[in-house]
Amino acid sequence: MMKTGAEILCESLIKEGVEVIFGFPGGVLLPLYDTLPRYPELRHILVRHEQGAAHAADAYARVTGKIGVCLATSGPGATNLVTGIANAYLDCVPLLAITGQVPTNFIGKDAFQEIDITGITIPITKFNHLVTDIEDLAMLIKEAIYVAKTGKPGPVLLDIPRDVFQGKTEFVYPDKIDLPGFKPKLFGHPSQIKKAADLINTAERPVIIAGHGVNIATAYLELKELAEKSQVPVVTTFLGIGCFPESHVLSYGWLGMHGMGYANKAIHSSDLVIAIGMRFDDRATGLVASFAPNAQIIHIDVDPAEIGKNLPVDVPIVGDVKNVLQVLNKQIVKREHIIWLSQLDEWRAMHPATEIRDHENVLPQYIIRQIHEATRGDAIIVTGVGQAQMWAAQYFFYDKPNSFISSGGLGTMGFELPGAIGAKVGAPNETVWCIAGDGGFQMTVQELATMVQEDLDINIAVFNNGYLGMVRQWQELIYNKRYFGTQLYNPDFVKIAEAYGIKGVRVSKKIDVRPAIEKSMAHKGPFLIEFVVEPEENVYPFVPPGKMLVEFLELPKPATSLKK
Amino acid sequence: MIRKHILIALVQDRPGVLNRIASTIRRRNFNIDSIAVGRIEVPHLSRMTIVVEGDDAKVEQVRKQLDKIIEVIRISDITNDNPVAREMAMIKVKASPSTRSEIIQITDIFRGNIVDVSPDSLIIVVTGNQDKIDTMIELLRGFGIRELSRTGTIALPRGGAGPLTIEEDKPLRHAVEHVPPEDEDLPNW
């Protein structure tokens, strides 16, 4: 049957199992927006800025494991997606960005709202294409989605001119693709796996570093089996949080710049690092030359270009983490590491990274812990970037995979609000908390309107400390307290919420924290709490840039007593 | 060790391929010495020869990154395989009746060809490895070079099947047979 390009797009997306599109219309998208209502299977969520569409689709993909789809018009619509696409690229999130383009006969003429978005997004997509012929449309959609989801996931972009939406052709959705150059290696090399097993079976002080790849490959059970069978302590990366239950006896927090001191010490003293689905990011390794100086390193990753990129590796295994662990686990013998684990426990007691000190004012850490207790840990936490993000990672304990959604690689302020929208749409039965700093919140504040329009039951916590806190912290600790460009003159956040039709409260006393949290969760629909917090609170532990992981700074010992 | 590397690649003929490749190399802050592209015997495929100067390990990093580009079917660093590498140059040299015979002699020594003669200049075509062409240009510089165009290096590995050879019994096709599961239920701890 003859179909228009717009119909082909809708039907192809439905065939690929897409249910939600986060989008914002525009001139060249009109033929598509005229067609979308005829496909009620595709829920269109109107955002207020295209960056929000990309972030929401990104978080939706992380929560559901499906591909996230965002839609923007040509020109400024397309360029507004760029931050969101880059965010998905660095955090390996399967994302399909669809942009409208001016009609093919106008391309290259600087027409109104014309921009070369495929050129712009070359460095931040796995695959992108300007669709110049309607005959190619169905195949390109199939290829794009396949590439986005397969191997190391990532964003893809299709740029579709208006006349391609309007054109007509016979629609047959292809069932096969032919991409001879796409060659992800999904199964590890048997002899490398054997070598890894031998090392694990003989190591005295092994540590697993579990990264986002475990989440992506849904290899939770395999990871758990490996850790339990060989009694290896598990440290996660920042984005790996949740891939191994933090309440597990073998869980030793997460590593890196603001990771737990005992996690960093464990890695530094280990004789074997088993790195699973992670990429030795500079925020994770500290001074890379002295990362795990006495350890041999096994690196399991699906992306061959990650092997040996940041540090030399003894046993590289390229393959899907789940497949590799399934084979590896069969060759692992039961071990005990009583001395090593008790050493780690001793360090944990010495460096209690997740305790909260007594303070008369509202400490952000206290709020996070209260949210953890109120939700009993059963919630999806979505954060932007900065201090609030770090506290949310440290003081909430994550036992469920994909329950911590955060912008890790790109570090995008403003991810939190649209991210929470994507998470709630993807997991409507979960409690969603958006943890925002006063800086990041204002970068995408307009998405409050999206929440109201879609009536999304999202709990928003805004930490108002009157500063761009993380930058202020660096200015304090590294630039001798010369604060500049970090002080915020903030609006009344509760009134802002009200203006959007969202209920909100302001909390500035400790005693009001928990009731406000309970009230927010009891409320149906979006609810905002502005927490007026201790303004110059710092995130600890802190490995200053250029230092080794074990050279972390801790909270200066106060006179007041420690209280759990 | 920093030295010149010769990378050869088989790529799909799709718009933007050259752009993606150049952009990936540029991101690593390598200078591209030369890049030569042309169609091959199989339809819809092109072959590229890329010459970059850099540290061995870093070039290997870039090669892996290039290999990830969807349109890149195969890519190989053949620097250590002693490949046959040639380039071609066209040189337009000032030539007066008094200098013409000397220029012709130099051309002969380098086994070049004179493809155009005009009253005051000659166009010489010469092929060879980079050193040979550099030397010839140096020798001709004294006469006055009016225009110069070089193709950049193209290279083939010696011996039988090379890394890019397409075997007739093994046609190129999509290599992945396995698709990860999509909606696997999350486990209950």
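Chain B of this predicted model contains four helices and nine strands, where helices (H or I, at least four residues) and strands (E, at least two) are DSSP runs numbered from the N terminus. Read from the N terminus, the elements of chain B follow the order β-α-β-β-α-β-β-α-β-β-α-β-β. Of its 189 residues, 39% are buried, a term that denotes under 20% relative accessible area (1.4 Å probe, protein chains only). Among the contacts of chain B (heavy atoms within 4.5 Å) between residues at least 6 apart in sequence, 73% join residues at least 24 apart.

Residues are numbered from 1 along each chain as its sequence is written, and chains are lettered from A in the order in which they are written. In this predicted model, local features need pLDDT of at least 70 and side-chain atom pairs count only at pLDDT 80 or more, while totals for chains, interfaces and linings use all residues; side-chain values use heavy atoms, with hydrogens and water left out.

Aromatic pairs are defined by ring centres of Phe, Tyr and Trp (its six-membered ring) within 6.5 Å; planes under 30 degrees apart are stacked, over 60 edge-to-face and the rest tilted. Over all chains, 13 aromatic pairs are counted. Two of the pairs are tabulated below.

| Pair | Centre distance | Plane angle and class |
|---|---|---|
| Phe22(A) and Tyr60(A) | 6.0 Å | 65 degrees, edge-to-face |
| Phe280(A) and Phe291(A) | 5.6 Å | 80 degrees, edge-to-face |

Because Phe22(A) lies in strand β2 (residues 20–23) and Tyr60(A) in helix α3 (residues 50–64) of chain A, their pair ties together parts 38 residues apart in sequence. Phe22(A) is buried at 0% relative accessibility, and Tyr60(A) is buried at 3%.

Phe280(A) lies in the loop between β12 (272–276) and α12 (282–285) of chain A, and Phe291(A) in the loop between α12 and β13 (296–301), 11 residues apart. Both Phe280(A) and Phe291(A) are buried. Elsewhere, ring pairs join Phe238(A), Trp254(A), Phe396(A), Tyr398(A) and Phe404(A) into a cluster.

A charge sits over a ring if NZ of Lys or CZ of Arg is within 6 Å of the ring centre and within 35 degrees of the ring normal. Arg348(A) lies over the face of Tyr262(A) at 5.3 Å from the ring centre, and Lys510(A) over that of Tyr366(A) at 5.2 Å.

Methods: Buried < 20%, exposed > 50% of the residue type's maximum accessible area, 1.4 Å probe, protein only.
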